[in-house]
Amino acid sequence: MQCLAVLAALLALTSAAVLEPRQTTACNNSPDLCSKSYSAITHLGAHNSPFLRDASTSFSTSGNHYFNSTIQLDAGVRMLTAQVHRSDRGWRLCHTSCDLMDAGLLSDWLGEVKIWMDNNPSDVVSLLLVNSDNATPGDLATEFTRSGITKYSYTPPSSTAPQITWPTLQDLISANTRLMTFVASLTPNQLDSTNAYLMDEFTFIFETAFDNTDPSNFTCTADRPSSLRGRTAEAVSSGRMPLQNHFLYDTQLFGIEAPDEVNITSTNAPADRPGNMGDAADACRREWAKPPVFILVDFFDQGPAIATVDRLNNVTNPIGRTPPPARDTMNSGASSSRALPLGLVTLVNQVKNGANPTLGAWIWAAADWSKTLGGWDTSP
């Protein structure tokens, strides 16, 4: 009898081990997304990802986010966009001008993304680079190779035609081709077998308008590529993936535009606020008969923007996200190291080149600088 009791106990333990569920694999923070095509889900994108409004940039009003690209990815962002400029120090990430905001070498930033991908093997990441100074595919490929990130790159079957069928997230993860890289813009016939992972954005994607200052003006109308501007039905039927730009600019003196921080909780809201992201995404889903594949936002953590993307993807219990830490504030002690604002840098460079800026330009620069330093009273 004692032997039978021991045998029964062993059988019970064995059965429990067999019935115990395996650990669930999450793709881009959800097991439900693994079997879905890359083009059948919505990816949250950080517009101008590396350009920050924090202590490191002296809280520059040109900054589009409070947290860096690694924190963005940790929190669930899956598309990062950046502007690439040529300077005498190499290919750099600069906001409009390297005199305004310089986030460093492209290769260094790509290295940061690579480290994150090394540590997160079940995630597919997309990059969208704005090719501001017409870098060639060879120029960009050199930066990618230097960073070591090319080992994750996905190469499309064709560089010259929209791709109708995309792999599932699990296919990309299993093949370890988890990095999608789009460039605005490249000439596809300049690509070769060594750099074909660099995809010309407008061959594969169409966008809504990006220069918006009014929350009532968000639309789903195709704006780029220019050949499809205003021809939304044709853009959808072409097989290009839709990208919805959902961020606002604030127009300041002399027509200067900066990311609109004041209205950001409404802009990134999932519902019930003027110009909210959730209603805008639903409107585009109805018009396109499919959800946006990418939604680009500023200040990604506000709203919160991820709530709308989760709803579009039917994700209710995301796995593996890390919320952003406490945000830098103006009381962080950064005031002593504030960088010169664009106005002063630009005017100084103009004078060096023999120009004679107007009085209004100097007044604007002085006002901008005094605001950076905390007000008109700049006495110690």
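Modeller: Helices, marked H, are DSSP runs of at least four residues, and strands, marked E, are runs of at least two; both are numbered from the N terminus. The model is predicted. With those labels, the protein chain has twelve helices and twelve strands. It has 380 residues, of which 49% count as buried. Among its contacts between residues at least 6 apart in sequence, 69% join residues at least 24 apart.

Asn48 sits in the loop between E1 and H2. Ser49 is in the loop between strand E1 (43–46) and helix H2 (69–74) as well.

Not counting residues up to four places away in sequence, Asn48 touches Asn64, His65, Thr81, Gln83 and His95. With Gln83, the side chain of Asn48 makes a polar contact of 3.3 Å. Ser49, with neighbours within four places again set aside, is in contact with His65, Ser69, Gln72, Leu80, Thr81 and Trp109.

The buried residues of H10 pack against E1, H9 and strand E12 (294–297).

Begin with H9. The N-terminal end of H9 is capped by Asn276, which has a side-chain oxygen 3.1 Å from the backbone nitrogen of Gly278. After H9 comes Ala289, with a positive phi near 60°.

Which residues of H9 are buried? They are Met277, Gly278, Ala280, Ala281, Asp282, Cys284 and Trp288. To read such a list, recall that an α-helix has 3.6 residues a turn, so residues three or four places apart point the same way. Take Met277, Ala281 and Cys284 from the list of buried residues and look for them on the structure.

Now turn to H10. Six of its eight residues are buried, so H10 is largely enclosed by the rest of the structure. The buried residues are Ala305, Ile306, Thr308, Val309, Asp310 and Leu312. Just after H10, Asn314 has a positive phi of about 60°.

How do the two helices sit against each other? Two packed helices are described by the angle between their axes and the distance between the axes. The axes of H9 and helix H10 (residues 305–312) come within 9 Å and cross at roughly 30°. Their crossing is right-handed. On the H9 side, the meeting residues are Met277, Gly278, Ala281, Asp282 and Arg285; on the H10 side, they are Ala305, Thr308, Val309, Arg311 and Leu312. Sorted by type, the residues of this contact are five nonpolar, two polar and three charged.

Elsewhere in the chain, some backbone details deserve a look. Ala184 and Ser185 are joined by a cis peptide bond, with omega about 0°. Ser185 lies in the loop between strand E6 (179–184) and strand E7 (198–200). Its relative accessible area is 37%, so Ser185 is partly exposed. Val130 is 55 residues from Ser185 along the chain, yet their C-alpha atoms are separated by 6.9 Å. Apart from neighbours within four places in sequence, Ser185 is in contact with Asn131, Asp200 and Phe202. The peptide bond from Arg224 to Pro225 is also cis, with omega near 5°.

Positive phi values occur in other loops. Thr96, which is not a glycine, has a positive phi of about 70°. Thr96 is in the loop between strand E3 (90–95) and strand E4 (97–105), and with a relative accessible area of 55% it is exposed.

Key:
Residues numbered from 1 in each chain as written. Predicted model: local features only at pLDDT ≥ 70, side-chain atom pairs only at ≥ 80, totals over all residues. Heavy atoms only, no water. Buried < 20%, exposed > 50% of the residue type's maximum accessible area, 1.4 Å probe, protein only. Polar contact = N/O pair within 3.5 Å; in protein donor to acceptor, adjacent residues only side chain to side chain. Axes fitted to C-alpha atoms, helices over the stretch in contact; angles between N-to-C directions. Left-handed = near helix turned anticlockwise from the far one by under 90°. Contact = heavy atoms within 4.5 Å. Nonpolar A, V, L, I, M, F, W, Y, C, P; charged D, E, K, R; others polar.
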